[in-house]
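Open the model in your viewer and follow the stops below in order.

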Amino acid sequence: AALAASFLAGCSSSGEAEAQQENPYGLIEPGTIRVASVGDIKPYAYTDSNGEFTGFDVELFTDVAKRAGIDDVVFTGQDFAAVLPGVANGQFDVGVAAIGITEERQQTVDFSDGYLAGYLTVLTAEDSGVESVEDLPGQRLGVVQGSLQEAYAVENFTEADLVRFPDNNTAVSGMNSGAIDAHFLDYEAAQDYMEQYGHVSAGDIPSFDAPAGFAVAKENDELREALNEGLHAAMEDGTWKELYQKWFPGSPMPEQYLPSAEQTGAP
Ligand SMILES: NC(=O)CC[C@H](NC[C@@]1(O)OC[C@@H](O)[C@@H](O)[C@@H]1O)C(=O)O
């Protein structure tokens with residue numbers, strides 16, 4: 001009670017203190033978290049046949065929000081390139097879409113701690129002639145606008161003809177119709193298209209230095225810290241591991257997100 005009293009006394013007006021108490025995370029709509037996501041990066045974040053958002057990132061975030069005391073989470077699908085601007089300009093409270101944490105992105109938004117470190121995959125059709133990334137020069141390579149894959153390809157696949165798409169589905173449709181020769185996307189999403197269309201990987205590039213994080217508006221430290229607390233609790237009690245095994249069965253599991261008792265510290 002003393003702490004609360006001093007906290008309330010600290011605010012300039014009781015109204016502000018009241019507001020602060022009701023909306024401790026500075027949410028657009030107190031009690032609801034508005035999330036900018038994307039609808040087609042299965043199995044990270046996607047809309048199922050009922051139009052419901054689901055996937056590893058979606059279920060992990062929903063669990064973390066619940067631990068922070070917010071049960072009402074509303075997901076809205078955007079083009080990937082619109083997610084961070086939507087969070088930065090206050091249209092959404094959080095961005096959740098396998099968004100890699102990078103210095104450049106931290107110019108416009110803040111991130112929770114990382115929750116998923118994996119690979120970027122060059123996906124191609126069985127007989128495309130693109131056997132590995134060495135074959136990319138002169139080939140048409142799809143990338144999602146604003147993705148790490150776009151930045152990586154601009155930097156490293158300088159002789160490929162880059163074709164920018166709003167999302168993976170459009171890009172893979174383009175590949176299936178022969179408009180492009182390969183598409184550069186996230187490993188688990190690539191696995192899904194391989195199962196669906198019999199496509200293959202022409203190369204997997206580690207992206208461990210840019211683990212996915214939840215994007216929040218700069219300065220909203222209360223929200224970011226509450227998400228971090230929930231995230232680490234979900235890792236420590238094995239929820240993260242359970243969701244990883246559900247959504248990425250058979251994929252190598254990064255150790256740093258497992259309960260500390262299960263971390264061997266092996267390199
Ligand atoms: N929604 C998307 O298409 C996201 C594409 C891309 N994801 C990269 C990443 O965050 O995906 C999950 C993990 O593998 C991370 O290591 C990786 O950087 C990006 O952040 O640009």
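Of the 267 residues of the protein chain, what percentage count as buried? The figure is 48%, where buried means under 20% relative accessible area, with a 1.4 Å probe and protein chains only.

This is a predicted model, in which local features need pLDDT of at least 70 and side-chain atom pairs pLDDT 80 or more, while totals for chains, interfaces and linings use all residues. Residues are numbered from 1 along each chain as its sequence is written, and side-chain values use heavy atoms, without hydrogens and water.

**Whole chain.** Colour by secondary structure: the protein chain has nine helices and 13 strands. These are DSSP runs numbered from the N terminus, helices (H or I) of at least four residues and strands (E) of at least two.

**The sheet.** Select β5, β1, β6, β13 and β7, which form an open, mixed sheet in that order. Two strands pair if DSSP finds at least two bridges between them. β5 (72–77) and β7 (109–111) are at the edges with a single partner strand each, so one side of each has no neighbour in the sheet.

**Helix α9.** Now select residues 239–247. Thr239, Trp240, Leu243, Tyr244 and Trp247 are buried in this helix. Seen down the axis of α9, they fall within an arc of 135°, so they line one face of the helix; the arc is that of the directions from the helix axis to the C-beta atoms. Show their cover too, which includes β3 (45–47), β4 (53–54), α3, α7 (187–197) and α8 (221–236).

Note on methods. Buried < 20%, exposed > 50% of the residue type's maximum accessible area, 1.4 Å probe, protein only. Contact = heavy atoms within 4.5 Å.
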